[in-house]
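Subject: Structure handover

Hello,

Here is the structure I promised to pass on. Please open it first, then read my notes below.

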Amino acid sequence: MSRIITYTYKDEQKTLAFSYREFHTIHEAVAAHEGLDIRDYLKMEQSIEAISDTKTVREYRDAHFKKLGFGRITLMPKENIGIGQKKK
């Protein structure tokens with residue numbers, strides 16, 4: 001099931017369909033959508049994960065994506081629809 005990502009790239013608000021089948025994180029998805037190569041970033045992130053805590057990795061990720069021109073990147077909440085009900 002796909003989800004929706006909302007993000008800001010170079011002061012422009014955008015949305016994107018996202019599935020964990022294609023990407024590991026929402027950050028990988030938005031970078032791929034904008035045509036950015038983040039292979040070096042992913043290698044460095046793995047190195048930081050091996051020696052540091054989660055907060056350090058998150059700060060590195062946020063700083064790197066801010067440098068690339070991204071603003072807020074968020075995954076929209078799921079819509080819970082009951083069994084047998086249709087989306088209106």
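Start with the aromatic rings. Ring pairs join Tyr7, Tyr9, Tyr41, Tyr60, Phe65 and Phe70 into a cluster. Rings of Phe, Tyr and Trp (its six-membered ring) pair if their centres lie within 6.5 Å; planes under 30 degrees apart are stacked, over 60 edge-to-face, and the rest tilted.

Before going on, note that this is a predicted model: local features need pLDDT of at least 70, side-chain atom pairs count only at pLDDT 80 or more, and totals for chains, interfaces and linings use all residues. Residues are numbered from 1 along each chain as its sequence is written, and side-chain values use heavy atoms, with hydrogens and water left out.

The structure holds 6 aromatic pairs. One of them is Tyr41 with Tyr60, which is stacked: 5.6 Å centre to centre, 10 degrees between the planes. Helices (H or I, at least four residues) and strands (E, at least two) are DSSP runs, numbered from the N terminus.

Tyr41 counts as buried, at 5% relative accessibility. Tyr60 is partly exposed, with a relative accessible area of 26%. Buried means under 20% relative accessible area, exposed over 50%, partly exposed in between (1.4 Å probe, protein chains only).

Tyr41 also pairs with Phe65, edge-to-face: 5.4 Å centre to centre, 90 degrees between the planes. Again the pair links distant parts of the chain, from Tyr41 in helix H2 to Phe65 in helix H3, 24 residues apart. Phe65 is buried, with a relative accessible area of 2%.

Now the sheet. It is open and has 3 strands in the order E2-E1-E3, with antiparallel pairing. Two strands pair if DSSP finds at least two bridges between them. Strand E2 (12-18) and strand E3 (70-75) are the edge strands; each pairs on one side only. Strand E1 (residues 3-9) and E3 pair over 4 bridges.

Best wishes
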